[in-house]
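Here is a quick briefing on one protein structure. Keep the 3D view open as you read, and look up each residue when it is named.

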Amino acid sequence: MGRKIVLEGVTLTDTSAPVIANDIRLNPGSLILTDFTHSMTDGGVPGDGDTVANIAWEQAAELIGSGSQTSLASTFVNTFSGAPYGAFERTSNGALFGVVSTTDQDGGAARVEGSTSITSYLAANNSREYAVFLWTDVQRVSSSGSNLFTSGIGNASSFSSSNLFLIALANSLGVRRQGESGDSWTPNGNSGLNGLYQAAWGNIPPFNSLAPNRGQSFILYAYHLIDVEASGMTYDELEAADIAAYEAFFAEGGRGYGDSRTLDLTQFP
């Protein structure tokens with residue numbers, strides 16, 4: 001993915017000089033880029049309520065018109081108490097692996113949520129086209145794929161009928177890349193009732209009661225949310241760039257190559 005070297009106290013005055021972003025995947029429309037294998041993301045499993053680095057925070061701040069690395073960071077929610085219900089670990093390459101029981105999750109929940117500032121931007125610009133790209137590796141399938149959703153953005157009071165994205169991972173084992181675009185939803189007037197769920201283990205909150213104890217156990221590698229118009233590219237161009245980055249990421253020498261996890265799935269029936 002390349003390396004960025006920061007020169008403290010140095011100011012470049014040549015306006016024609018190229019701008020080096022924190023990641024090759026970033027573009028002017030990037031709102032969120034979550035990648036647990038990235039050097040900007042802290043090590044270890046985040047605790048309930050801990051922040052998760054938004055690698056795209058500078059692009060998001062420019063697009064929104066305000067914000068900081070802290071205010072535009074994401075949040076990890078995790079109320080699983082461990083075996084036999086659900087638990088997390090960082091893989092050998094640093095990605096986040098979550099294993100959840102398919103029989104009893106004891107009411108636990110886990111997810112990565114986007115910041116309120118970014119959710120508010122989406123609500124205020126609800127007719128623009130957005131793209132989302134999700135890289136995962138399903139290590140154990142759900143007992144049922146019915147009403148099972150991993151990622152979504154929408155109005156929590158009527159999520160199924162008013163959402164920008166509602167993504168279900170294929171209920172089969174293996175690494176996969178998913179890309180979708182959305183351009184219309186009706187946000188809730190109460191900003192607190194609009195949800196931005198990047199990835200959820202078990203189910204995203206509006207659907208938890210419909211499919212309890214059915215979550216997939218999967219590794220999260222990357223989540224990228226983009227304002228398509230602001231990116232200066234079409235959705236097809238963004239997808240082509242994401243495919244190229246995905247293939248390089250998992251190719252020999254890439255950060256996803258040869259990854260492994262250690263959590264024992266038999267301890268989470």
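A search of the whole structure, which is a predicted model, finds 14 aromatic pairs. Ring pairs join Trp135, Tyr221, Tyr246, Phe249 and Phe250 into a cluster. The points below go from the whole chain down to single residues.

**Overall build**

- The protein chain has 4 helices and 12 strands.
- Its C-alpha atoms fill a box of roughly 60 × 45 × 30 Å along the principal axes.
- The radius of gyration is 18 Å. A compact globule of 269 residues would have a value near 18 Å, so the chain agrees with that rule.
- Buried residues make up 50% of the 269 residues.
- Take the contacts in the chain with a separation of 6 or more: 75% of them are between residues 24 or more positions apart.

**Surface and charge**

- The accessible surface of the protein chain is about 11,900 Å². Carbon and sulfur atoms account for 48% of that surface.
- The chain carries 12 positive and 27 negative charges.

- Helix H1 covers residues 57-64. Which of its residues are buried? They are Trp57, Gln59, Ala60 and Ala61.
- The buried residues of H1 pack against strand S1 (30-35) and helix H2 (116-124).
- Glycine 65 follows H1. Its phi is positive, near 100 degrees.
- Isoleucine 55 is in the loop between strand S2 (51-52) and H1.
- Is isoleucine 55 buried or exposed? Buried means under 20% relative accessible area. Isoleucine 55 has 0% relative accessibility, so it counts as buried.
- What does isoleucine 55 touch, leaving aside neighbours within four places in sequence? Its contacts are Asn22, Asp23, Leu26, Leu33, Asp35, His38, Met40 and Thr41.

- Most residues other than glycine have a negative phi, and most peptide bonds are trans. Check the next residues against that pattern.
- A cis peptide bond joins alanine 83 and proline 84, with omega about 5 degrees. Proline 84 is in the loop between strand S3 (74-78) and strand S4 (86-90).
- Aspartate 106 is not a glycine, yet its phi is positive, about 55 degrees. Find aspartate 106 in the loop between strand S5 (96-100) and strand S6 (110-113).
- Asparagine 213 is another residue other than glycine with a positive phi, near 60 degrees. The loop that holds asparagine 213 runs between strand S11 (194-201) and strand S12 (217-227).
- Asparagine 213 has a relative accessible area of 22%, so it is partly exposed.

**Distances along the chain and in space**

- How far apart in space are isoleucine 55 and aspartate 236? They are 181 residues apart in sequence, and their C-alpha atoms are 23 Å apart.
- Serine 158 and alanine 245 are 87 residues apart along the chain. Their C-alpha atoms are separated by 35 Å.
- Where is serine 158 found? It is in the loop between strand S8 (151-155) and strand S9 (163-167).
- Serine 158 is partly exposed, because its relative accessible area is 25%.

Conventions
Residues are numbered from 1 along each chain as its sequence is written. This is a predicted model: local features need pLDDT of at least 70, side-chain atom pairs count only at pLDDT 80 or more; totals for chains, interfaces and linings use all residues. Side-chain values use heavy atoms; hydrogens and water are left out. Rings of Phe, Tyr and Trp (its six-membered ring) pair if their centres lie within 6.5 Å; planes under 30 degrees apart count as stacked, over 60 as edge-to-face and the rest as tilted. Helices (H or I, at least four residues) and strands (E, at least two) are DSSP runs, numbered from the N terminus. The radius of gyration is taken over C-alpha atoms; the globule rule is 2.2 Å times the number of residues to the power 0.38. Buried means under 20% relative accessible area, exposed over 50%, partly exposed in between (1.4 Å probe, protein chains only). Contact means heavy atoms within 4.5 Å. Accessible areas come from the Shrake-Rupley method with a 1.4 Å probe; for residues, only the protein chains shown count as cover. Lys and Arg count as positive and Asp and Glu as negative; His and the chain ends are not counted. The place of a charge is taken as NZ of Lys, CZ of Arg, CG of Asp or CD of Glu.
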